[in-house]
Amino acid sequence: MDVAELRHLRRARDMMDREYTRPLDLAELARVALMSSGHFSRQFRAAFGETPYGYLMTRRIERAKTLLRRGDMSVTDVCMAVGCTSLGSFSARFTEIVGESPSAYKARRHDAAAAVPPCVALTWTRPVRRRA
């Protein structure tokens, strides 16, 4: 993969980071990266280790964890706030990535994360996809 292609992939990844709350489809992301959908999907996975959809969902779950730790929003409101439209799919993906349901995550104490500087907490609490 050449430098220009990697730059285009980063442009699409940055868009996912910024605009994770709105519906983003593969065709739109591929257009941003100046690639066909199939080529974009293959190259994105090769460059970043996961599919574009997987990356986008990881961003959404990461933000959902932050909102759930605050405790002032319901799981349904958090689901909608991070750009998911189906509570069932959101809960299933959250459980797959985090290892517990959104309700269980929200209910447990998060005091340890409160004492950590935000720049460290972001890395510490980043979801890691659990693979079987």
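This is a predicted model: local features need pLDDT of at least 70, side-chain atom pairs count only at pLDDT 80 or more; totals for chains, interfaces and linings use all residues.
**Exercise 1. The overall make-up**

Work out which kinds of secondary structure the chain contains, and how much of the chain is buried.

*Solution.* Reading along the sequence then gives the pattern α-α-α-α-α-α-α-α-α. Next, turn to burial: of the 132 residues in the chain, 39% are buried. Finally, look at how contacts span the sequence. Taking the contacts with a separation of 6 or more, 59% are between residues 24 or more positions apart.

**Exercise 2. How H1 meets H3**

Describe how helix H1 and helix H3 pack, and find which residues make the contact.

*Solution.* Two numbers get you started, since a packed pair of helices is described by the angle between the axes and the distance between them. Helix H1 covers residues 3–18 and helix H3 covers residues 37–48; their axes are 10 Å apart, at an angle of about 90°. Angles of 65 to 115 degrees count as roughly perpendicular, so H1 is roughly perpendicular to H3. Now list the partners. H1 brings Glu5, Leu6, Leu9, Arg10, Ala12, Arg13 and Met16, and these meet His39, Phe40, Gln43, Phe44, Ala47 and Phe48 of H3. Sorted by class, this contact holds 8 nonpolar, 2 polar and 3 charged residues.

**Exercise 3. How H4 meets H6**

*Solution.* Begin with the geometry. H4 (residues 52–70) and H6 (residues 87–98) cross at roughly 90°, and their axes come within 10 Å. H4 is therefore roughly perpendicular to H6. Then go to the side of H4, where Tyr53, Met57, Thr58, Ile61, Ala64, Lys65 and Leu68 take part; on H6 they meet Phe90, Arg93, Phe94, Ile97 and Val98. The class count for the contact of H4 with H6 is 9 nonpolar, 1 polar and 2 charged residues.

**Exercise 4. A closer look at Glu50**

Decide whether Glu50 is buried or exposed, and find which side chain it joins in a polar contact.

*Solution.* First place the residue: Glu50 sits in the loop between H3 and H4. Its relative accessible area is 14%. The cut-off for buried is under 20%, so Glu50 counts as buried. Last, find the partner: the side chain of Glu50 makes a polar contact of 3.5 Å with the side chain of Thr58. You have met Thr58 already, among the H4 residues that meet H6.

Terms used. Residues are numbered from 1 along each chain as its sequence is written. Side-chain values use heavy atoms; hydrogens and water are left out. Axes are lines fitted to C-alpha atoms, for helices over the stretch in contact, and angles run from 0 to 180 degrees between N-to-C directions. Helices (H or I, at least four residues) and strands (E, at least two) are DSSP runs, numbered from the N terminus. Angles under 35 degrees count as roughly parallel, over 145 as roughly antiparallel, 65 to 115 as roughly perpendicular and the rest as oblique. Contact means heavy atoms within 4.5 Å. Ala, Val, Leu, Ile, Met, Phe, Trp, Tyr, Cys and Pro count as nonpolar, Asp, Glu, Lys and Arg as charged, and the others, Gly among them, as polar. Buried means under 20% relative accessible area, exposed over 50%, partly exposed in between (1.4 Å probe, protein chains only). A polar contact is a pair of N or O atoms within 3.5 Å; within protein, one must be able to donate a hydrogen and the other to accept it, and residues adjacent in sequence count only if both atoms are side-chain atoms.
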